[in-house]
Amino acid sequence: MVAKRSGVTEPFSRTKIIAGVRRACQGRPVSEDALAKLGQRVEEEIRGRGVAEVPAHEIGLAILGPMRELDEVAYLHFASVYRGFESLADFEAEIAGLRRDRGEPDGGPDEDPDPTRPTADTVS
């Protein structure tokens, strides 16, 4: 069972998970098979906890990891709604986290995204 914020409980639904992820993936190159696998993975993770009732918020957290692996743009869309991003800074922080996890520069003000571009020091 899933305990919602309102206090209502409802049965866990893999179909509902897939539908939410599908909305986040709209316009992205993500197959129905990949969505089904993500839904199965989330369900297995939740059921593997061995508890009768899981807060809805924990299901959202369980979706975030597989979404990140599935498609980073769709992940940002899902995370922005799920975590309630309110500003560009929220997106920037999340993107910096994605870059860190990949071992890439975070693109901050001290990072030049194109190190081959001429700078004031190299242009005469």
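Colleague: Which residue stands opposite Glu10 of strand 2?
Modeller: This is a predicted model, in which local features need pLDDT of at least 70 and side-chain atom pairs count only at pLDDT 80 or more, while totals for chains, interfaces and linings use all residues. Residues are numbered from 1 along each chain as its sequence is written, and side-chain values use heavy atoms, with hydrogens and water left out. Strand 1 (residues 2-3) and strand 2 pair in the antiparallel sense over two bridges, where pairing requires that DSSP finds at least two bridges between the strands. The residue opposite Glu10 is Val2.

Colleague: In what order do the three strands lie in the open sheet?
Modeller: The pairing in this sheet is mixed. Strand 2 (9-10) and strand 3 (54-55) are the edge strands, each pairing on one side only.

Colleague: How do the elements of the protein chain run from the N terminus on?
Modeller: Helices (H or I, at least four residues) and strands (E, at least two) are DSSP runs, numbered from the N terminus. The protein chain has five helices and three strands. From the N terminus on, the run is β-β-α-α-β-α-α-α.

Colleague: What is the orientation of helix 3 and helix 4 to each other?
Modeller: Axes are lines fitted to C-alpha atoms, for helices over the stretch in contact, and angles run from 0 to 180 degrees between N-to-C directions. Helix 3 (residues 56-70) and helix 4 (residues 72-82) pack at about 160°, with their axes 7 Å apart. Angles under 35 degrees count as roughly parallel, over 145 as roughly antiparallel, 65 to 115 as roughly perpendicular and the rest as oblique. Helix 3 and helix 4 are therefore roughly antiparallel.

Colleague: How do the residues of the contact of helix 3 with helix 4 divide by class?
Modeller: Contact means heavy atoms within 4.5 Å. Ala, Val, Leu, Ile, Met, Phe, Trp, Tyr, Cys and Pro count as nonpolar, Asp, Glu, Lys and Arg as charged, and the others, Gly among them, as polar. The division is ten nonpolar, two polar and two charged.

Colleague: Is helix 2 oblique or roughly parallel to helix 3?
Modeller: The axes of helix 2 (residues 32-47) and helix 3 come within 10 Å and cross at roughly 140°. That angle makes helix 2 oblique to helix 3.

Colleague: How many charged residues are in the contact of helix 2 with helix 3?
Modeller: Among the residues that meet are Leu35, Leu38 and Arg41 in helix 2 and Glu58, Ile63 and Glu69 in helix 3. The contact has eleven nonpolar residues and no polar ones. The charged residues number four.

Colleague: Is Leu35 buried or exposed?
Modeller: Leu35 is found in helix 2. Not counting residues up to four places away in sequence, Leu35 touches Ile18, Val21, Arg22, Cys25, Val30 and Leu70. Buried means under 20% relative accessible area, exposed over 50%, partly exposed in between (1.4 Å probe, protein chains only). At a relative accessible area of 2%, Leu35 is buried.

Colleague: What separates the C-alpha atoms of Val21 and Phe78?
Modeller: Val21 lies in helix 1 (residues 14-24) and is buried, with a relative accessible area of 1%. Beyond its neighbours within four places in sequence, Val21 is in contact with Leu35, Leu38, Ile63, Met67 and Leu70. Val21 and Phe78 are 57 residues apart along the chain, and their C-alpha atoms are separated by 7.3 Å.

Colleague: Which residues in helix 4 meet helix 1?
Modeller: The axes of helix 1 and helix 4 come within 8 Å and cross at roughly 110°. That makes helix 1 roughly perpendicular to helix 4. Gly20, Arg23 and Ala24 in helix 1 meet, in helix 4, Ala74, His77 and Phe78.

Colleague: Which residues does Ser80 touch?
Modeller: Ser80 is found in helix 4 and is buried, with a relative accessible area of 12%. Not counting residues up to four places away in sequence, Ser80 touches Phe85 and Phe91.
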